[in-house]
Amino acid sequence: MVEVYQLFFSLSLAAEEESETIGLGLAQRINNFYNWALGIGAIFALGIIVFGGILYITSAGNPDRLREARAWITAALVGLLVLFGSFLILKTLNPKLTNLEDIVLQINPKADVPEVPPPGARGSCGYHSGDTCDSYWGTANAPRGNFGDPTCTFAELPELAKLGLYAYILDNAPNKGRVIVNGRDVCVDYWYYDLIPCESGYNPNTVFMGSPQATGAWGLFQMGCGCPVGSTDCGSVDWGNQAYYAFQEYRQDGWQYWGCARASLGHTPPPTGC
Amino acid sequence: MIVILLAIGIFLAIKFFKGRKELTEQPEGPPSIAERLSSKPALSFSGEELKQKLIKPLGGPGLLYETPGFQIGWLPAPVDSFEVMIKTTDVISAKEEATAWFRGKGFAEEDICALPVIFYLGWEVNQQLRDSGFVFNSLPDFCLY
């Protein structure tokens, strides 16, 4: 027990030491500035038109002042046209030109291989029967079994295992560090506090035999069974690898894979930026 | 000429502001716990003292209290939360009992909201309520954030 605790404790510490604080996206800030600058520019131009109008009204027929008033109004209108015309032209050419996006570095999946390979053979959805810590997975012993908890870390030490799970997400989530607010990593928290409890109630042994997958939805992230070669849709593994495959799946398909991330199904959608 | 330019400007301005609305529109659905956590208020001094008194005997993550209806566990930083697993379909009563346990330990409502205390449904309950349309609030019901 002490060893397990030390393992998770060191994981947690490592996660704390290595976690990097990245400010809110520069691109988003530039986008916001651009949008507001357009609005302010428009207001400024309207102000000049009003000023030109007043000049025109108070010119009392003076040709110089009339000319000056017309010049102000024309300049403001041309400015307005250029301002919105450029926006429209850029948007027509390519909408991305008016919507700057952050550069996100893709982590090399090969560098993200878990220390322990998934138990059992890929390509099968078989199981080892029994309700002991030696069992791996299977419909026969789920959800009371331990297919996702072969070392019984979740069954016997759920709080400790959950801390290890959080540390794993903090270390490995593909979207970690994208949104940091008041020192909290919002995307990491979404995985841990929103998605996992909604999908499985933090139980790595869960199996839901129903739609949409005939072979069931498995584990913490309610993913597929059997781990076919080339697929990341794999939940019938131990809990550490369930998280590993969930992150692979996220890289491939994004949040749309999970029903619990869909507002259309009445669930909480991921925070903006995750 | 001025009228034409003005008409074009108004047209473009309408188009621009309509576009802005689309850009700032938020996805539907309740706010996530992750978002609420990032805006949670700070724990009061007395609340912090009570929290330390409660978790000190644990010496790390562990189970604080358990009934047939729920269990309260503590997870230190970086999680830093009391996590309450609901084990019964009588979710409302279980939440009230768990909240009463924190009150009984001396925590004010504001502190219970600032701990944070996070509720979640155990798997069996989650399964049973899956298609019932029941909307589960992961926070104590009186918390405003």
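Thr215(A) belongs to strand E4 of chain A, which covers residues 213-218. Please bear in mind throughout that this is a predicted model. Is Thr215(A) buried, partly exposed or exposed? With a relative accessible area of 42%, Thr215(A) is partly exposed.

I turn now to Lys162(A). This lysine sits in helix H5 of chain A, residues 158-172. The relative accessible area of Lys162(A) is 1%, and because buried means under 20%, Lys162(A) counts as buried. Which residues does Lys162(A) touch, if we leave aside those up to four places away in sequence? Within chain A they are Phe154(A), Tyr192(A) and Tyr202(A); from chain B come Leu75(B), Glu83(B) and Tyr120(B). With Tyr120(B) there is also a polar contact, side chain to side chain, at 3.1 Å.

Tyr202(A) is placed in the loop between H6 and strand E3 (207-210) of chain A. Although Tyr202(A) is not a glycine, its phi is positive, at about 65 degrees. Tyr202(A) is buried, its relative accessible area being 4%.

A positive phi is also found at Asn182(A), again not a glycine, where the value is about 50 degrees. Asn182(A) occupies the loop between strand E1 (180-181) and strand E2 (184-185) of chain A. Is Asn182(A) buried or exposed? At 65% relative accessibility, Asn182(A) counts as exposed.

Next, the disulfides. A disulfide is a covalent bond between the sulfur atoms of two cysteines. How many does the whole structure hold? Searching over all chains gives three.

Let me begin with Cys187(A) and Cys274(A), whose sulfur atoms are 2.1 Å apart. The torsion about this S-S bond is -95 degrees, and the link is left-handed. The pair connects distant parts of the chain, 87 residues apart: Cys187(A) is in helix H6 (residues 186-200) of chain A, and Cys274(A) is in the segment after helix H7 (239-253). Cys187(A) is buried, with a relative accessible area of 0%, and Cys274(A) is buried as well, at 8%.

Another disulfide in chain A joins Cys198(A) to Cys260(A), with an S to S distance of 2.0 Å. Cys198(A) lies in helix H6 and Cys260(A) in the segment after H7, so this pair ties together parts that are 62 residues apart in sequence. The torsion about the S-S bond is about -75 degrees, so this disulfide is left-handed. How accessible are the two cysteines? Cys198(A) has 23% relative accessibility and therefore counts as partly exposed, whereas Cys260(A) is buried, with a relative accessible area of 8%.

Chain B contributes the disulfide between Cys113(B) and Cys143(B), S to S 2.1 Å. Cys113(B) is part of helix H5 (residues 109-114) of chain B, while Cys143(B) falls in the segment after helix H6 (123-129), so the link ties together parts that are 30 residues apart in sequence. Here the torsion about the S-S bond is about -100 degrees, so this disulfide too is left-handed. Both ends are buried: Cys113(B) has a relative accessible area of 7%, and Cys143(B) has 11% relative accessibility.

Let me stay with chain B and look at its backbone. The peptide bond leading from Ala77(B) to Pro78(B) is cis, with omega near 10 degrees. Where is Pro78(B) placed? Pro78(B) is in the loop between strand E2 (70-75) and strand E3 (81-86) of chain B.

Chain B contains six helices and four strands, and their order along the sequence is α-α-α-β-β-β-α-α-β-α. The chain has 145 residues, of which 46% count as buried. If one considers contacts in chain B between residues at least 6 apart in sequence, 54% of them join residues at least 24 apart. Finally, chain B exposes about 7800 Å², and carbon and sulfur atoms supply 58% of that area.

Thank you for your attention.

Technical notes
Residues are numbered from 1 along each chain as its sequence is written. Chains are lettered from A and ligands numbered from 1 in the order in which they are written. This is a predicted model: local features need pLDDT of at least 70, side-chain atom pairs count only at pLDDT 80 or more; totals for chains, interfaces and linings use all residues. Side-chain values use heavy atoms; hydrogens and water are left out. Helices (H or I, at least four residues) and strands (E, at least two) are DSSP runs, numbered from the N terminus. Buried means under 20% relative accessible area, exposed over 50%, partly exposed in between (1.4 Å probe, protein chains only). Contact means heavy atoms within 4.5 Å. Accessible areas come from the Shrake-Rupley method with a 1.4 Å probe; for residues, only the protein chains shown count as cover. A polar contact is a pair of N or O atoms within 3.5 Å; within protein, one must be able to donate a hydrogen and the other to accept it, and residues adjacent in sequence count only if both atoms are side-chain atoms. A disulfide is a pair of cysteine sulfur atoms within 2.5 Å.
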